[in-house]
Amino acid sequence: MPEPASTPATYVRRAGPGTETDRLTRHHAQPKATTGDQPEPATARRRRSGPLLTKREQQVLEGMSNGLSNAEIGRGLDRTEDTIKSHARRLYQKLGAADRAHAVAIGFRMGLLNVGPETTGAQP
């Protein structure tokens, strides 16, 4: 039984390999790049653009790894709690993390954090 004339495979077969129809069909069948809805994987972004986190985001992540609250991190860095929350949201997005604990775990796995003394200067 012949295929209906409206399927892409039928058009490609009729047009033949190497034709404009074939090229367009193959192009549009490939997965699309993300448009910003989903963050790019952190490892790919790090390889492509150098340091993954800004210095301040790194300091916030270090404070989180030391168990400090946003207010405590802010006092240690002389920033407001709202500013620390903004840095935290950006670093969650960059790391693809759902929350603080996830961000810290990713930070350790990626080598962004080391086990050792507090490094933010923030005091609890």
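So, which residues in the largest nonpolar core touch the most other members? Keep that in mind while you look at the structure, and please remember that this is a predicted model.

Okay, the answer. The largest nonpolar core has 20 residues, and the ones that touch the most other members are Val-60, Leu-61, Leu-91 and Leu-95. Where does the core come from? H6 gives the most, with five residues. As a bit of background, nonpolar side chains in soluble globular proteins tend to be buried together.

Now let's turn to charges. How many salt bridges does a search of the whole structure find? Two. One of them joins the side chains of Arg-90 and Glu-57, at 3.2 Å from N to O. Arg-90 sits in helix H6 and Glu-57 in helix H4, so this pair ties together parts that are 33 residues apart in sequence. Then we have Lys-94, whose side chain meets that of Glu-57 in a salt bridge at 2.8 Å, again N to O. That pair also links distant parts of the chain, with Lys-94 in helix H6 and Glu-57 in helix H4, 37 residues apart. Put together, Glu-57, Arg-90 and Lys-94 form a network of salt bridges.

Is Glu-57 buried or exposed? Glu-57 counts as buried, because its relative accessibility is 1% and the cut-off for buried is under 20%.

Last stop, helix H7. Have a look at Ala-103, Val-104, Ile-106, Gly-107 and Met-110, which are buried. Why do they end up on the same side of H7? Because they cover an arc of only 165 degrees around the axis.

After the helix comes Gly-111, with a positive phi, near 80 degrees.

Note on methods. Residues numbered from 1 in each chain as written. Predicted model: local features only at pLDDT ≥ 70, side-chain atom pairs only at ≥ 80, totals over all residues. Heavy atoms only, no water. Core = buried A, V, L, I, M, F, W, Y, C linked by side-chain atoms within 4.5 Å. Buried < 20%, exposed > 50% of the residue type's maximum accessible area, 1.4 Å probe, protein only. Helix = DSSP H or I, 4+ residues; strand = E, 2+ residues; numbered from the N terminus. Salt bridge = Lys/Arg side-chain N within 4 Å of Asp/Glu carboxyl O. Arc of directions from axis to C-beta.
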